[in-house]
Amino acid sequence: MIRLDNVVASYRTGRGSINAVDGVSLEIPDGCILGVAGESGCGKSTLMKLIYGDVQSPMALAAGSIEYGFADGRGQPITSQTIRQHWFSRISYIPQSSMNSLNPVVRVGSQFVDFPGADPDKKRVLEQVRAYIGKLGLPVETLDAYPHQLSGGMRQRVMIAMATFFQPDLILADEPTTALDVVVQKDILMLLMELQEQMGNTILLVSHDMGVHYQVTTRMLIMYAAKAVEYGESESVFRAPLHPYTRMLIDSLPTIGDDRARDGIPGRPPSLWQELRGCRFADRCPLATARCRSEEPALVEHRPNHFAACHHAGELLAPSGGPAWQ
Amino acid sequence: MAVILRTEGLNKVYRLGSFTRSREIRALNDVNLNVESDTPVIVSVVGESGSGKTTLAKTLLRLVQPSSGRATIYDRVVAGPGVRGIDKQFLAAVQPIFQNPFEAFSRYRTVDSYLHETAIRVAGHDRAGATDASAKALAAVGLDYADVRGKYTNQFSGGELQRVSIARALIPGPSLIVADEPVSMIDASRRMIIINLFRRLKEEAGRSFLYITHDLATAYYISDYVAVMSKGTLVEFGPARQVMADPQHAYTRLLLDSIPTTRTRWRPRKAAA
């Protein structure tokens with residue numbers, strides 16, 4: 001179980017500091033695929049960096065703590081300060097742009113051998129790597145290639161192979177398929193799901209495509225303007241979302257065979273520079289009332305294992321615009 | 001009926017590698033496409049990366065010379081035998097929108113200077129008229145000229161900047177707008193604003209669109225016709241609803257099966273195989 005307790009991440013800038021993640025508390029059970037969704041700038045990637053322990057200036061963990069629930073070799077619990085020593089072995093990261101993450105002047109095989117903590121016998125490591133990438137559907141020749149000689153899908157598979165090679169307890173995937181087309185995307189997502197099933201570890205998947213989340217995840221976290229606004233089992237979140245923002249996210253994309261007009265979500269998230277009072281979604285929310293603008297809603301458990309931060313949680317959005325009551 | 005878009009035996013071969021060890025890539029392989037209509041249409045070209053859809057767009061925009069074949073837009077030959085040089089008439093009739101607006105505009109220039117330049121050089125306005133035309137085009141995409149003037153690209157969100165680039169394309173009053181992956185860089189929750197804008201421009205201003213995408217769901221949502229491309233070949237073409245409801249080609253079915261929807265879940269690969 002990973003526990004985030006009131007985590008605040010701030011970026012120092014010339015104009016003062018700004019909180020990109022502002023008081024997020026979560027408990028993520030082991031062995032789940034947690035999807036993280038929200039618009040650009042809502043804090044998804046910053047949250048990933050925090051959990052990964054990649055906290056570098058100008059970003060800082062301003063408040064709160066993260067417990068990973070796993071111990072190191074000496075039985076000490078691993079914290080956000082020490083997690084960096086366990087990169088790749090206990091926790092790993094699949095970035096969005098594989099091209100920018102692989103070293104362009106080193107062959108793929110050599111990049112595998114460079115892992116910190118890998119067996120010093122390089123031949124043996126390469127042997128294991130060769131066997132492993134075969135299982136992921138990559139030809140052995142991939143190891144002799146330079147990154148630019150591979151297609152985007154193959155490079156992403158190489159990144160997944162690297163991230164899963166040591167069977168880490170936790171894998172963070174930040175938009176792993178956004179740069180790929182649909183056919184390759186499906187392959188990569190299916191591969192991730194299969195690996196998760198074999199290894200039983202936890203995956204955190206960031207994506208802004210709700211379709212991807214529906215296909216892959218078992219739990220969902222929806223973020224809006226640096227806050228967690230909904231968290232729960234995917235089944236429940238997709239069947240009956242509690243927060244109006246979640247409902248709008250799910251409804252914003254068209255589906256084949258459905259000719260209803262889609263509008264997207266009008267307006268834009270509030271600037272985090274200004275002082276924010278009440279619910280941060282109130283300005284774009286069709287259900288907003290005076291209470292929403294003055295009192296900030298807390299993340300409350302409305303159904304078993306299904307949390308939302310909304311004063312009007314569960315009220316239906318009528319297609320005609322006005323709110324209808326459930 | 002007017003020919004909106006026609007390609008006849010369009011081929012494009014790229015050569016890679018050195019003089020002695022060259023390799024050929026057929027980006028377009030005998031592409032024959034014919035769209036005739038009296039009303040404006042939105043034609044989508046879908047396919048995965050490397051299917052030749054961008055090469056097709058570039059050929060129509062005259063950024064790429066075809067190896068053989070001919071392309072016609074609104075009864076005017078734009079590529080192949082019988083083509084005339086690029087003139088104002090062509091620039092005014094066919095306008096592009098590119099994938100990444102942050103790359104389409106320079107970081108070191110204000111974006112309204114692009115609007116002005118298009119209005120003066122392509123649409124033939126004078127200075128005062130150019131400002132008017134820019135304001136009108138921005139209003140058509142839901143932006144205010146006062147909010148755009150004097151700003152640089154980093155002061156816009158991706159969706160806003162893409163709307164500015166649509167406004168720029170609208171200034172000369174083109175009959176066809178070629179949009180190459182116009183929403184793939186834009187946040188999913190705001191994609192529909194751009195997509196709905198295309199539809200409105202078609203219905204109200206009478207613009208036709210060639211919409212290049214790998215997102216079949218939005219293609220279904222706005223298109224009148226869909227062309228499916230795979231490895232440089234046009235594998236299926238027809239009215240959008242017909243193609244998506246009853247795909248004839250195996251590749252179209254593969255594309256449709258790969259879309260992550262919120263309706264039905266993918267079956268595990270082992271069970272599917």
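**Notebook: helix, sheet and contact**

I started with helix H9 of chain A, residues 244-251, and found it mostly covered, with six of its eight residues buried. Buried means that 20 or more other C-beta atoms, placed from the backbone, lie within 10 Å of the residue's own; 12 or fewer is exposed, and in between is partly exposed. The buried ones in H9(A) are Pro244(A), Tyr245(A), Thr246(A), Met248(A), Leu249(A) and Asp251(A). Helices (H or I, at least four residues) and strands (E, at least two) are DSSP runs, numbered from the N terminus.

I noted the ground rules. This is a predicted model: local features need pLDDT of at least 70, side-chain atom pairs count only at pLDDT 80 or more, and totals for chains, interfaces and linings use all residues. Residues are numbered from 1 along each chain as its sequence is written, with chains lettered from A and ligands numbered from 1 in the order in which they are written.

Strands E1 (residues 2-13) and E2 (residues 16-28) of chain A pair in the antiparallel sense over ten bridges. Pairing requires that DSSP finds at least two bridges between two strands. A hairpin through two residues joins E1(A) to E2(A). Ile2(A) stands opposite Ile28(A).

Then I turned to a sheet in chain B. This open sheet of four strands runs E2-E1-E4-E5, with antiparallel pairing. Its edge strands are E2 (22-36) and E5 (76-79) of chain B, each pairing on one side only. The twist averages 30° from one strand to the next. I take axes as lines fitted to C-alpha atoms, for helices over the stretch in contact, with angles from 0 to 180 degrees between N-to-C directions. E4(B), residues 68-73, pairs with E5(B) over three bridges. Ile73(B) stands opposite Arg76(B). Helix H1 (residues 53-60) of chain B packs on the sheet, touching E1 (3-17), E2, E4 and E5 of chain B, and its direction makes about 65° with that of E2(B). Contact means C-beta atoms, placed from the backbone, within 7 Å.

I checked where the chains meet. The contact takes 28 residues from chain B and 28 residues from chain A. On the chain B side, H8 (188-205), H9 (216-222) and H11 (250-257) each give two or more residues. H8(B) gives the largest share, six residues.

Last, I looked at chain B as a whole. I counted twelve helices and ten strands. Of its 273 residues, 45% count as buried. Its C-alpha atoms fill a box of roughly 65 × 45 × 45 Å along the principal axes.

Notes. Two residues are in contact if their C-beta atoms, placed from the backbone, lie within 7 Å.
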